[in-house]
Amino acid sequence: MATTREINDLPAIVFPHSYLAQSSITAILSFFGPLTVFQPWFMEKPEIFSEGETVSLIKVVNPPADLKPGEQFGGILSEYRNWIRANPDKAYTSFLQVSQAGLDNGETMWDIRKAIRSGQERESVSPEDSCFKWHLILHLAREVQEQREDADRLLRLLKKKDSPLKGIVEGEAPENLFHDLPQFGAEPMVQDSDLEQIYEAWFSLFGCYLKDHELLVTTSPQVVKHVWELWQEYGWEGKDSAQLTVTINVPDLSLYELKDIAGIKEEMFGAEKLLELRKSIREISRAPRQSFLLLRELSEKKLFPKEKMEHSLKLTIKYMQSKSSPRPSPKNKLLSYFSGKTIALVEGEES
């Protein structure tokens, strides 16, 4: 009989998100957990992170105290948020042009906003500037992500509504005007070069907490695609990288209450094959090829009852095996962050 600890002991770190909607968090907890979420200083925690049931499921961690930006950060962040909400079409790109070179600590909010509007670049970057920049990038990434999720929720609601012509025109009413529109989440949220800045900020603020081998989990197909392409191009020299990736379908528990998830997992994942599945994921860094061989074998079996798969998630798991001599590249520092890490993508039915 599996213990609660065995069922829920598949720890993962949410990457590179500092924020996720409750539905995304519960989807990840359908299979992984406990979760660690890294958040920059001055970022408000979602309500789900403060609920009593999350004590053993979700841990929120801030950067070390010596990487905390000065008191002026909160005012500048507030000023900037107001501006990007009024200029959503150009705010993100303009900001990243400025942040590539940093911002001077002595500048006023007006100077920073002016620089962002014009897209002008700066020259010097002190350690304090870098810390400020990393925090601002992650706060901005959350802002963009929340806007995307709000748009997705609105589109889902519109798709569920009847056609406005129903009951007005004779015969069969036309289909909902929004029926064929893809969800916004299917489109890239930012440019790949912007993603690299987000990675840099995330690892710079939280890398000191990471062990050599970690399981990073994301809900962004763009992130996994981008990281894997970078790794294959610059970090991987072998021909069999496809052996270190697998896709598995598991039940989606995101429709359940958070307080019930641990118990449901204990009941559902107690079978020997499912314990073997989870153990194989934990063993990836120690024996990658053997683990993925077993994972592919298990993925082809009927692991869950049909009624449990009415709502399912697709897990895509990839491993960036360490190489002693990666291809020389300006991206070597960025790639070194991912060396030896496992990254997992959690996608729902509408992804």
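Me: How many bridges join E5 to strand E6, and which way do they run?
Reply: Seven bridges join E5 to E6 (residues 312–319), and the two run antiparallel. Strands here are DSSP runs of E, at least two residues, and helices are runs of H or I, at least four residues, numbered from the N terminus. This is a predicted model, in which local features need pLDDT of at least 70, side-chain atom pairs count only at pLDDT 80 or more, and totals for chains, interfaces and linings use all residues. Residues are numbered from 1 along each chain as its sequence is written, and side-chain values use heavy atoms, leaving out hydrogens and water.

Me: Which residue stands opposite Ser-312?
Reply: Pro-251 is opposite Ser-312 of E6.

Me: And what is the strand order of the open sheet?
Reply: Its seven strands follow the order E3-E2-E1-E4-E7-E6-E5, with mixed pairing; two strands pair if DSSP finds at least two bridges between them. Strand E3 (58–61) and strand E5 (245–251) are the edge strands, each pairing on one side only.

Me: Turning to helix H11, which of its residues are buried?
Reply: In H11, Pro-288, Ser-291, Phe-292, Leu-295 and Leu-298 are buried, where buried means under 20% relative accessible area, exposed over 50% and partly exposed in between (1.4 Å probe, protein chains only).

Me: What do they pack against?
Reply: The buried residues of H11 pack against E5, helix H10 (272–282) and E6, with contact meaning heavy atoms within 4.5 Å.

Me: Is Ile-264 buried or exposed?
Reply: Ile-264 is buried, at a relative accessible area of 15%. Ile-264 lies in helix H9 (residues 258–268) and touches Leu-253 and Tyr-256, not counting residues up to four places away in sequence.
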